[in-house]
Amino acid sequence: MSEEQTISRRDVLIKGSTTVSGIALLPSSMLANFLNMEEDEKVIPWSDIPPDPAIPGMNLFNWEHLDSWVTPTEKFFQASHYGMPEIDPDTYRLEITGLVKRPRAYTLGELKALPRREIDFTLECSGNRGFPWFLGGVYNARWTGTPLTAILEEAGVLDNGIEVVFFGSDEGEEEVKPFLVEPVAMKQNFARSMSLEDAMNPNALLSYAVNGQPLPRPNGFPLRLIAPGWYGVANVKWLKRIEVRATRFMGRFMAKDYVTIREEVRNGESVWVQTSVGRGRLNSAPAKVTHAGDRYRIYGAAWGAPIRQVEVKIDDSGWVPAQVFEGQDSEFAWKFWRLEWENPARGLHAISSRAIDTADNIQPAADDPSLTRKRTYWESNGQLTRKVHIR
Ligand SMILES: Nc1nc2c(c(=O)[nH]1)N[C@H]1C(S)=C(S)[C@@H](COP(=O)(O)O)O[C@H]1N2
Ligand SMILES: [Mo]
């Protein structure tokens, strides 16, 4: 390993401390050094899952291409349940309604004139890792918008308002079963809700730009909710209406889909617990193995909670700490890690990673009971093992 490729944690902390909130002010050479490869460094493709499983339209991220902390906009994955609405920004309105003193509608221009904030947030679909081929439902971006709190405060939530529902402009037919008569198909908008307390979190943004550009159409143009710390589904795209209500909201994406069913045990008895997918979970992935001559490296990312440490296991060896890049301090964004792999033997190897957060929680093993007792594919954050062939 050459001298300039080595990043001491101390260097990064000292130089990084002059930054205010992240990468734009960060000496870019350091991040480049950490992740970008030397000229003669080549990726060894994974032997388990093909890098591009070609799921139509999802644009899943190819981990072997991980080379920047902010995911370039054209590499965002996208997940849409009712297609992709086309919205004219000139006639667009965001409605605030329901249990508020001052219901109103905002134009895009009015929203952009409100206080502006930026936040680095890694957005992951809660279905990511739920199937063997579903590994790339995650990306990291810098989101710009206006705090949701400002809009709720301006509207003035009434005393009986406890729930905030976010409606997208996209809609689809859903079957509704009235009592004792045939089911009927009714048009419904994509919708997700949060408790008023969660909606008042100062980090929640009504976001109109990402990576310095207007939102791309697949990712919610012209406006989406950004809920840092929550799984992707909570980040409602193509936002149309925010409605404050007096009861919990039980729409399809709260109470029917995106519901985790888990068996728990109480005094030796099974209890089936059904919970709506919400906050993100601690996760990590080995991204790529490289070599330059006979020098081998493993690169990866960790996210879902503020990351303290990442450990790597190769075959049946013990866990060894990886070098975690400390340069970015957003608590909602992924961290990159790297491990020098000394003298790997020829043949097939299994590489696993596990993230540890700042509260000392450890990412669960794939066979942890909390995961094996889960009967739905959401929230599958078990340790990921990848296979690589060293020739
Ligand atoms: N209006 C609307 N918002 C939505 C969705 C949707 O189908 N409609 N999908 C959700 C899901 S399941 C995920 S994982 C994220 C994906 O965000 P992305 O398309 O920017 O990757 O958007 C969420 N917001
Ligand atoms: Mo999702």
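A salt bridge, for today, is a side-chain nitrogen of Lys or Arg within 4 Å of a carboxyl oxygen of Asp or Glu. By that rule, Arg-281 and Glu-379 pair up through their side chains, at 3.0 Å from N to O. Arg-281 sits in the loop between β13 (269–276) and β14 (283–292), and Glu-379 in the loop between α7 and β21, 98 residues apart. Those element names are DSSP runs numbered from the N terminus: helices are H or I with at least four residues, strands are E with at least two.

Quick housekeeping. This is a predicted model, where local features need pLDDT of at least 70 and side-chain atom pairs count only at pLDDT 80 or more, while totals for chains, interfaces and linings use all residues. Residues are numbered from 1 along each chain as its sequence is written, chains are lettered from A and ligands numbered from 1 in the order written, and side-chain values use heavy atoms, with hydrogens and water left out.

Back to that pair: is Glu-379 buried or exposed? Buried, because its relative accessibility is 4%; the cut-offs are under 20% for buried, over 50% for exposed and partly exposed in between, using a 1.4 Å probe and protein chains only. Arg-281 is partly exposed, at 29%.

How many salt bridges does the whole structure have? The search finds 22. One of them joins Glu-41 and Arg-297, at 3.6 Å from N to O. Glu-41 is in the loop between α2 (28–35) and β1 (42–44) and Arg-297 is in strand β15 (residues 295–303), so this pair ties together parts 256 residues apart in sequence. Both Glu-41 and Arg-297 are buried.

Now the aromatics. Rings of Phe, Tyr and Trp (its six-membered ring) pair if their centres lie within 6.5 Å; planes under 30 degrees apart are stacked, over 60 edge-to-face, and the rest tilted. That gives 19 aromatic pairs. Trp-133 and Phe-134 count as stacked because their centres are 5.4 Å apart and their planes at 15°. Trp-133 is partly exposed at 33%, whereas Phe-134 is buried at 5%. Tyr-377 and Trp-378 come out tilted, with centres 4.4 Å apart and planes at 35°. Here Tyr-377 is partly exposed at 34% and Trp-378 is buried at 8%.

Last one: Arg-241 lies over the face of Phe-167, 4.3 Å from the ring centre. The rule there is NZ of Lys or CZ of Arg within 6 Å of the ring centre and within 35 degrees of the ring normal.
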